[in-house]
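Hello,

Here is the structure I promised to pass on to you. Have a look at it first, and then read on for what turned up in it.

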Amino acid sequence: MSVGIYIHYPFCERLCFYCNFYKEGYKTEKESFFLKNIIKEIKIKREKYQNQKIDSIFVGGGSPSMAKIDTLSKIINELDRNFLITNNCEISIESNPNELLNLKKNIEIKKIGFNRISIGVQSYSAKGLNFFNRNYNTKQVKKAFLNCQKAGFENINCDFIIGAYKEEKKDIQSTLNFIKQYNPAHLSFYLFEYKKKKIEEEEEEFNYNNTKEKLISMGYNQYEISNFSIDGFECQHNLKYWKNKPYLAFGPGASQYFNGYDTKNRENLLEYAQLINENQEPIKEKTKWDKKKRALIMGLRLRQGIKENDFFEYKKKLEELKKLNLLSYNNGYYQIKEEKILLTNEIIGYLI
Ligand code: SF4
C-alpha cells in the first residue's frame, strides 16, 4: 500500500489570530536549525518505516512558501533518498499570496518537484482581508495566482474562509467572480469556528449553501464537506485523511497516522530537536485508534459517504439517522444529506 508524507514547516511572517497550528515567527537561524533536525528525523524514521512507497507529499505549516529554495529542495531530496517516491506522486506546498509574487521563485519551487500549490487566499474582498489582518490585497492574490500558472502549475488550490465576519452579498460575490474568472482546479471553503448566535448560524448556512450551489453550477464537484474540485483534481493527499489511509509526518507539531496509531510531534522546536538528537522519534503524544471508528468519522466527511458493507456494526444507528432524514443511502453507501452537511459533527457524535 502507498503512504503519504506530511511535512510541517513551522514559521510564518505574521501570526494570524484565528490559527491553531503550531507556528513561530521567522528567523533565518531558526530555519537552518529546523532544516538540520528535520533531515535527521527523516533518517531516523527511514529505519522504522522502511521501504514505504510514497504517492503524496504535502508541505504545510506554517508558511512553507517563505522558506528558502535551498531548504525546500533539501527536504524533498532527503525524502527521495530515504523513501520510494512514485513517479506520479502528488507534491503540494501551502503558500501565502504575498510569497508568490516573485515569478522566479515560483519557477524554482516547480523545479524542485512540486506539482500542486495551495494558496491561502482566505477572502477575495478588501473587507475580508482586513478582518483576517492579511498582508496582501486582492490585486496581489490575482498576481500570485497568475504567477503560479506562468510557472507551470496546473493543479492550484485556493483556500477560503466563510462565516467569520458579517459578509455582505458583494463580499461573497467578489470571491465567486474571482473563481469564475480564473477557474482554480481545486477550492477549499472552511467555516470559521466560533460560538455563533442563532441569527449568525442562519446567515452562515445561507451563505454556505449559496456559495456551494454557485460552485457546482460553475462545474466544481463537491467531494468533501469543505472541498471542491474540477474532475481529476481531487487532493490525493487529503483523500488519504478521509479514507483513513496511513501517512508519515515530519517536523515540529506534525501529526501522523500509521498502523492504527495517531502520533503528534513535539510542538516546540527545541524539545523536538532534543529528542531527535537522542535518536528518538520526537513524539509528544500517541493515541491508539479503533480503525473502524476512525474510518467512520473520516469517511462521513466525503460526499460519497461510507460503504454499508464495511460498517455493519453501525447499521442500526445509520438506519435511525436515515429515518430522521439526516442520511441518505445510494448504491451501498450512506452519506450525509446535502442539506444537512452543517450537522456533520452532531451526526458523527451520535454514531460514535
Ligand atoms: S500564515 Fe497560515 S499558518 Fe501562519 S499563522 Fe497565519 S494562518 Fe496560521
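Let me start with a question: is tyrosine 223 buried or exposed? Please keep in mind while you look that this is a predicted model. Tyrosine 223 sits in strand S9, which covers residues 221–224. Its C-beta atom has 20 others within 10 Å, and since a residue counts as buried at 20 or more, tyrosine 223 is buried. Leaving aside neighbours within four places in sequence, tyrosine 223 is in contact with Ser229, Glu234, Leu302 and Arg303. Asparagine 183 is 40 residues away from tyrosine 223 along the chain, and 17 Å separate their C-alpha atoms.

Tyrosine 257 belongs to strand S12 (residues 255–258) and is buried, with 23 C-beta neighbours inside 10 Å. Not counting residues up to four places away in sequence, tyrosine 257 touches Pro246, Tyr247 and Asp262. Between the C-alpha atoms of tyrosine 257 and isoleucine 107 there are 32 Å, with 150 residues separating the two along the chain.

Now to the ligand. Around the ligand you will find Cys12, Leu15, Cys16, Cys19, Phe21, Lys23, Gly61, Gly62, Ser63, Asn96 and Gly120. Sorted by class, this shell has five nonpolar residues, five polar ones and one charged one. Two of the glycines in the shell, Gly61 and Gly62, are joined by a cis peptide bond, with omega near 25°. Glycine 62 is found in the loop that links strand S4 (53–61) with H2. As a rule, most peptide bonds are trans.

The largest nonpolar core has 50 residues, and Ile5, Ile57 and Ile119 have the most contacts inside it. Strand S7 (residues 155–162) gives the most to this core, contributing five residues. Isoleucine 57 touches Ile5, Leu79, Cys89 and Ile91, if residues up to four places away in sequence are not counted. Another core, of seven residues, lies apart from the largest one; Leu296, Leu300, Ile306 and Ile336 are among its members. In soluble globular proteins, nonpolar side chains tend to be buried together.

How do H1 and H2 run relative to each other? The axes of helix H1 (residues 28–48) and helix H2 (residues 69–82) come within 10 Å and cross at roughly 10°. Because angles under 35 degrees count as roughly parallel, H1 is roughly parallel to H2. On the H1 side the contact is made by Glu31, Leu35, Ile38, Ile39, Ile42, Lys43 and Arg46, and on the H2 side by Thr71, Lys74, Ile75, Glu78, Leu79 and Asn82. By class, this contact of H1 with H2 has six nonpolar, two polar and five charged residues. Leu79 of H2 takes part in that contact and is also touched by isoleucine 57.

H2 packs against helix H3 (residues 103–112) too, at an angle of about 10° and with the axes 10 Å apart. H2 and H3 are therefore roughly parallel to each other. Here Ile69, Leu72, Ser73 and Ile76 in H2 meet Lys105, Glu108, Ile109 and Ile112 in H3. The contact of H2 with H3 has five nonpolar residues, one polar and two charged.

Finally, some notes on the loops. Asparagine 244 has a phi near 60°, a positive value in a residue other than glycine, and lies in the loop between helix H8 (236–242) and strand S11 (247–250). With 18 C-beta neighbours inside 10 Å, asparagine 244 counts as partly exposed. Asparagine 279, in the loop between helix H9 (269–277) and strand S14 (283–288), also has a positive phi, near 65°. Asparagine 279 is exposed, with 10 other C-beta atoms within 10 Å. Most residues other than glycine have a negative phi.

The loop between helix H5 (138–150) and S7 holds glycine 152, which counts as exposed with 11 C-beta neighbours inside 10 Å. The C-alpha atoms of glycine 152 and aspartate 70 are separated by 20 Å, the two residues being 82 apart along the chain.

Happy browsing, and best wishes

Terms used
Residues are numbered from 1 along each chain as its sequence is written. This is a predicted model: local features need pLDDT of at least 70, side-chain atom pairs count only at pLDDT 80 or more; totals for chains, interfaces and linings use all residues. A residue is near a molecule or strand if its C-beta atom, placed from the backbone, lies within 6 Å of it. Ala, Val, Leu, Ile, Met, Phe, Trp, Tyr, Cys and Pro count as nonpolar, Asp, Glu, Lys and Arg as charged, and the others, Gly among them, as polar. A nonpolar core is a set of buried Ala, Val, Leu, Ile, Met, Phe, Trp, Tyr and Cys residues joined through C-beta atoms within 7 Å. A residue is buried if 20 or more other C-beta atoms lie within 10 Å of its own, exposed if 12 or fewer, and partly exposed in between; C-beta atoms are placed from the backbone. Helices (H or I, at least four residues) and strands (E, at least two) are DSSP runs, numbered from the N terminus. Two residues are in contact if their C-beta atoms, placed from the backbone, lie within 7 Å. Axes are lines fitted to C-alpha atoms, for helices over the stretch in contact, and angles run from 0 to 180 degrees between N-to-C directions. Angles under 35 degrees count as roughly parallel, over 145 as roughly antiparallel, 65 to 115 as roughly perpendicular and the rest as oblique.
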